[in-house]
Amino acid sequence: MRFTISREKLQEGLTAVAASIPTKTTLPVLSNILVEATEKGIRLSGTDLDIAVSTEVAADVEQVGAITIPAKKLSEIARELPPSPVKIASSGEQRITLDCGRSHFKINGLPKDEFPSFPSVKFADSWRVKSGELQKLISHTSFAVSTEESRPILNGVLWELRPEFMRMVATNGHRLAKMEVPVSSSGAPQTSDLIVPPKALEQIRRLFPADEELEIARGENHLGFRSPFTAVYTRLIEGPYPNYDQVIPKDNDRVAICDKIALASALKRMSVIASDQTHRIRLSFNSAILRFSVQTPDLGEATDELPVKYTGDPLDIGFNAAYLLEILRYIPTDEVRLTFKAPERAATLEPEGWSEPGKYLCLVMPLRLVD
Amino acid sequence: MSSSLVSPLGRIAVLPSAVADQIAAGEVVERPASVVKELVENALDAGATSVEVDVEDGGKRLIRVSDDGTGMQRDDAILALARHATSKIRVASDLVGVASFGFRGEALPAISSVSMLRIDTAPADGEGTRIRSAAGELLGAEPAARRRGTTVEVSQLFYNAPARQRFLRGARSEWRAIADTLTTIALVRRDVRIVARQDGKAMFTLPPARDLRDRIAALWGGPYAERFLAVDDVSGPTHTCGLVERPADVGLASRRVHIAVNGRAIRDTGLVRAAEAAYRSTIPAGVRPALFLEIVMPANGIDVNVHPAKTEVRFHDRWVLERAVEAAVRRALGTFDSGAMFGRTAWPAAAAPVYGSPPVDVEAMRPAFDADGPLFVDEEPMETGAAPDSREPAAVDEPVPPLLQLRRTWMMFEAGDGVVLIDQHSAHERILYEQFMGALARGDAPSQRLLFPLTLHLTPEEEEAFESNSDLLQKLGFEAEAFGGHSILVHAVPAPHPRFDAERCLRETLASLTGDRFAAVHARHERLAATVACKAAVKAGDALSAGEMRALFVALRDTTLPAHDVHGRSTIVQLGWDELERRFGRR
Ligand SMILES: Nc1ncnc2c1ncn2[C@@H]1O[C@H](COP(=O)(O)OP(=O)(O)O)[C@@H](O)[C@H]1O
Ligand SMILES: [Mg+2]
């Protein structure tokens, strides 16, 4: 293997792959990056066995070949190199030499055979999605996944593909976020339900420019995303995902419309006094006033008020303020619409007056209040 | 602590028999130690600042107590040997709140009746008196010069009562009893210099001490004194102070218990038990702490005239007093300072190097903030966009020191006198335990309703545990109902922290509560709170972010017993700079 690459291209490739390299691993080869030189250029790949990222960068390949190199060292070297072309050549199965200007390195690696092979995903049956649409779904839902180990399904984001739209849903059982967008991209998306680890989605969000068309294909337990130069593979979480539709309230008849920023700042003020662990606060809706109150033993109490548009009977309901604040962070409009049924039933939050195509809905389950 | 012991009344008078009869009668002279006790107390009552005790053959051959107190006039010295002759009280009402050790006027006559006695005494330097008696018979009273003070010499104890002499133990065992007696007195009267010799050999030499810890150090060595936490608490009219053993050290050295009330050492199991109750959940069952407690309370709340040796007293409101003592000890244990001291556990000092324990493995692991993946889903917002920044406002409380996570098990920080390590699981467990106990008492645990109810399939034993604890589980925030076929349906769960895994916690709690049906209510509360806290707390091996460590630290600081987990293990271990310097040869 022998090739010459610009310092910038090398750095670009390494940055794309670096995030998929585990910082701590029992399998030494996983902390290495796979470097493959082909006729087209070079391909850099990394994996933590759940997610694999692979990217192609332009290079002058003199001799094809492959080897794995410690990712951290290679990245550190690339960062410090002078602005000259970088010559990389294998010397034997387990070592490379790297030359740049007057700098010279010999780095020990591991043979390419030790590197795990990528999941087989056939892009022949792929469908296409606009990267920006996917990113929009990811960033509005994946925050809501669960981190509890005992319900692994909820650790993933449900991605539903339908002929006219696609939808992502995430929940930790206390709150839920759901967004759908009409499918405008070319290709014929299949009807499919996938449960994707949020870590993989984060790579998708990070790696692909918003206007890029992504090819997506499903293997047996894996999913592959591909642009002309970069590919991401991820393990899928085995379903079935709980029937979320059943818990989305359809008959919430108390509706409040509030200014998002005013609501968030009142919640933040209340949070100062709310217990650090549970963030419990009380919301009391009564005609045009939303009254906040919080009492924490040994700490104190606080109240606040916010004018709102409210229809329905008066209501007292408790929430984890952190959940409400978190959702407000993702609400894309200035006003937010909240609906309720009863103090022990799910509340919904939606953007009010959203002009973009698509639907966004968040659910929050209340906290018990004691009188 | 010291009370004025010089008699305000001065001269000795024989008590009217009516008064004498009100005084509990009893045999004060049992063995050499009781003689020593009476004589030393007399010396202290006479305002001595220095007391020297000489003993031969365990006190069987000779006991000599010399003091630099007020001394006696000739007539008084003679009268002192008469029964119920005392200078310390006159009428029955003086018994209330009596401050002197003696007041019955029966010690000297009793001692003199079973020994050969000699008293050399002088109210001022020079003109003194020597009195001799044998078997209670006055043999003579002649002038003899000496310095101000009194020397009482008791020889051949029980020489005229062979039946009692036979009951005396060997010299060593009699000496041990004498040493105990002197120790008790030395702890109470730290202002007085006390010297004791046995068969001419100095056994202890105690200079006047600044405080209780100094006196303990003089008695048993500096390292022993280091193992104690200061108690100092006022509750109503009761002031409790003293020293109690750090929970981590309990059980590692001989257990010594010393209780004094209004300057009088007493024996009282109720107060000891109250102090021990304060250790509940900080030390394993079955081990008992060393205690040195001194209580000051109004004289009219206590009756000392119960026992001839005056070591037992009667309290008018024992319950209130015991609660005051318990609260005082609990408060002392509730400080970070009560955490285990690294390297300070290898008492006694006589045995090998005291600081010989192996060094702590302080391999600093990668700090948690660059750990893989966010631990809280809401920690790193994926999109900040135009949405308002909803990060928690920074705490404005006391500053939190920088914390470093070690081996994903401990948090380390620098404190005033050294390095402190906090066990993250124990700490969190303690925080949650107190939170849950509060929730059980108030019934206001936050309960998060679930979008998807959990279904748990239980074993018959677990089902029984669920049924017998369902009221308490409900108070903790678990809303669950039986679902038939050994299943329960959970609709709402507590939300004690963002990492909380409700399903696993409930499962493990029920599994470990099996067979717990008939426990008493309070025990059941504690057991459940402890179990749920244990299951809900972060574990060793969990990487903590900087924010989580801070939150843990602050919450731990607010608990009542930060230094101890609910199983009695240490939550906090301290490694003092002095110890570090010693290890690096800087001292
Ligand atoms: N070491 C001493 N110095 C001065 N006076 C003493 C001393 N020992 C005894 N006395 C006097 O002798 C009295 C009788 O002593 P004792 O029989 O022990 O009775 P009590 O101590 O109960 O008064 C005391 O009240 C005290 O006045
Ligand atoms: Mg006396």
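Two residues count as in contact here if their C-beta atoms, placed from the backbone, lie within 7 Å. This is a predicted model, with local features needing pLDDT of at least 70 and side-chain atom pairs counting only at pLDDT 80 or more, while totals for chains, interfaces and linings use all residues. Residues are numbered from 1 along each chain as its sequence is written, and chains are lettered from A in the order in which they are written.

On that basis, 32 residues of chain B are in contact with 47 residues of chain A. Two or more residues on the chain B side come from each of β22 (447-457), α13 (502-512) and α15 (546-557), where helices (H or I, at least four residues) and strands (E, at least two) are DSSP runs numbered from the N terminus. The largest share, six residues, belongs to β22(B).

One of those elements, α15(B), also packs against helix α11 (residues 424-442) of chain B, at an angle of about 50° and with the axes 9 Å apart; axes are lines fitted to C-alpha atoms, for helices over the stretch in contact, and angles run from 0 to 180 degrees between N-to-C directions. That makes α11(B) oblique to α15(B), oblique being whatever is left once angles under 35 degrees (roughly parallel), over 145 (roughly antiparallel) and 65 to 115 (roughly perpendicular) are taken out. Gln424(B), Ala427(B), His428(B), Arg430(B) and Ile431(B) of α11(B) make the contact with Leu552(B), Ala555(B) and Leu556(B) of α15(B).

Elsewhere, Val36(B) touches Val53(B), Gly59(B), Ile63(B), Val65(B), Ile178(B), Thr181(B) and Leu182(B), leaving aside residues up to four places away in sequence.
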